[in-house]
Amino acid sequence: MKFLKLYIVSKGKNGLETESLVFGNHITQLYGPTGTGKTPLVKSIAYCLGYSVKFRQEIYNRCESANLIFKISEGEYSVKRFFLKSKKIEVEVTDPHGGLHSFYDEESYSNYLFDLLGVNNRELISKSGTNIGGYMSTVLPLFYVTQDEGYSSVYKYEGSFIKDQFSEMVRLSYSLPEKNSFNVKKNQIHAKQKLDSLDLMVSEKNNRLRILKETVVSNRKSYELQEEIKTLEAELDRIGSSAIDSEDVITAIDQMLNAKKKRARDVLNEINTVKNRRHGLIKIKGDIETEINTLSLNEEARRVFMSFGEVCSSAGCQLFSRSSDSYAKNLLYLKDQIKDLESNDNYSDNIELKLSEELKIIDEVVAELENEKQILIDSSEWSAGFKIISDIKIELFKLHSELFDVKKIEVSEAEYINTLNRREEALNAYEAYKTGGKVDLRLSEFRKKLRLSFIDWLGELETSNISHDITFKDDFEPVLGNESVNQLSGSTGSRTVLAFHAALLEIAADSSPFKFLILDAPKQHETENVDLNRYMLKLKYICKKYDVQVIFSATEYEYKGDSEDEVWVPNYYEGKKKMFMRKPL
């Protein structure tokens, strides 16, 4: 989701409106003195996304609607939410095709936005034990910090009604498994079906990749081939755009010779690498066979020992049963390793054979080109020029054909790796359901990332008077040493909240569709301008690197951005004071 524009529509000719305010691609600042109308605009962004916002009475009296235009993928959506003082909502969304969608309840509007963002809503458990899903208004406190109470806690939402709401909203936003599923058994069955389906897909993708690698002779990368094609095409253009002379032809031959000799060196290095690998495999295979022989000798010794009646006189003696089972398992394991090594050795043998054949062909081509060059030097035969043009065209045809095959392999590899990753995620999800959420590597990895990023941002804001020994309670609520965030106050508390939300944004950059952070008036009397500036510059780096957006308002601190940023300032006089909103023109 990328914010594009925001504007307020007036309620009648005595109302209040704004011009169309354009968001920066990276950072947007609302900069102006207290009382100029920054907060209503910041609130209007969240309001258009379904957040429950309380405005001053003047807004309800004089403004008809807040309008937000944003882009998802290549399509632009225009949201119009009417200012209503009651908890009821009235929203109109115009989609990229001009279709109009109207919503009059929070649930249906939230689900519509979730679908646009690719978020799969869940069947969660309410505090009263009923079935309930997430809402945009319950997700937004992760990415929107309000002016009033937002800096007192890492997740501030009035009227929490979902069981473990903070944890569930983090899980929903970052595609982590739910903590309290209303229908655990059904979800477990679906997770198993998805895992089985992906197991088949992994096998199919792997077989396709294996067949392609067996049929395609080339083992070069596409970028290498593209570079060689580019060089030869440039040479062909050069000698084809003017009258051919001996120097042009010799230069063209040299270009082809250099490319072939370079490839010959690369092939020779690859052959040596494969030979070394095969030599290592043979050595490992020998070590394993030695271990098998030792294991067999031990088993023979055991059988001889058992033959002594004094030791094991009973016909059903089980004294050495564990040793016998262990022998069978170890022998099977070692023989499986031998099979894997032999399979790898056969594959390496085929690669070595293909490379040797390619090297032989290259040597023949090099010899032919050098012969043509010598003939040209000795006899000044201009017809050689036409032959070299023909040779370049033939070589280009071969390279394009090889490039086509190599790209097929690269696409197949990418599909295989993507399917493997999806299968890994499905396995983690299934294990999480099967163990009641006790086993899930994604949660552990997420908490690790969150902890490291949080510590980094605390350092960026020079929050030094608290412990950086971060743990989490209730899944994601940070504990700094022995203190929770709501125990902190003043500058320390607000800096900690800023650091936590920046960490959430940084992780969201590549694992969540919520790629924005909205900060309504960071408490500047509690955060020095120099620290706030360092914080904003780090956020700017995150915006540039991951293409995310930050919107914030400030009274005293002015951010100095670049062409990808925007600063909104009050331009309209209301009495003697400049304001963000104006009466209709």
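Among contacts in the protein chain between residues at least 6 apart in sequence, what percentage join residues at least 24 apart?

**Figure 1. Overview of the protein chain in the predicted model.** Of the contacts between residues at least 6 apart in sequence, 69% join residues at least 24 apart. The secondary structure of the chain consists of 13 helices and 18 strands. The chain has 585 residues, and buried residues make up 45% of them. Its accessible surface comes to about 30,800 Å², with 51% belonging to carbon and sulfur atoms.

**Figure 2. Helices α12 and α13.** Helix α12 covers residues 490-511 and helix α13 covers residues 529-546. The two helices pack with their axes 10 Å apart, at an angle of about 10 degrees. An angle under 35 degrees counts as roughly parallel, and α12 and α13 are therefore roughly parallel to each other.

**Figure 3. Residues in the contact of α12 with α13.** On the α12 side, the contact is made by Arg495, Leu498, Ala499, Ala502, Leu505, Glu506 and Ala509. These meet Asp531, Tyr535, Leu539, Ile542 and Tyr546 in α13. By type, the residues of this contact divide into nine nonpolar, three charged and no polar.

**Figure 4. Residues 318-322, where pLDDT stays under 50.** For this stretch the model has five contacts beyond four places in sequence. Over the protein chain, the mean pLDDT is 84, and 88% of the residues reach 70 or more. Where pLDDT is low, the predicted coordinates should not be read in detail.

How values were computed:
Residues are numbered from 1 along each chain as its sequence is written. This is a predicted model: local features need pLDDT of at least 70, side-chain atom pairs count only at pLDDT 80 or more; totals for chains, interfaces and linings use all residues. Side-chain values use heavy atoms; hydrogens and water are left out. pLDDT is the predictor's confidence in each residue, from 0 to 100. Contact means heavy atoms within 4.5 Å. Axes are lines fitted to C-alpha atoms, for helices over the stretch in contact, and angles run from 0 to 180 degrees between N-to-C directions. Helices (H or I, at least four residues) and strands (E, at least two) are DSSP runs, numbered from the N terminus. Angles under 35 degrees count as roughly parallel, over 145 as roughly antiparallel, 65 to 115 as roughly perpendicular and the rest as oblique. Ala, Val, Leu, Ile, Met, Phe, Trp, Tyr, Cys and Pro count as nonpolar, Asp, Glu, Lys and Arg as charged, and the others, Gly among them, as polar. Buried means under 20% relative accessible area, exposed over 50%, partly exposed in between (1.4 Å probe, protein chains only). Accessible areas come from the Shrake-Rupley method with a 1.4 Å probe; for residues, only the protein chains shown count as cover.
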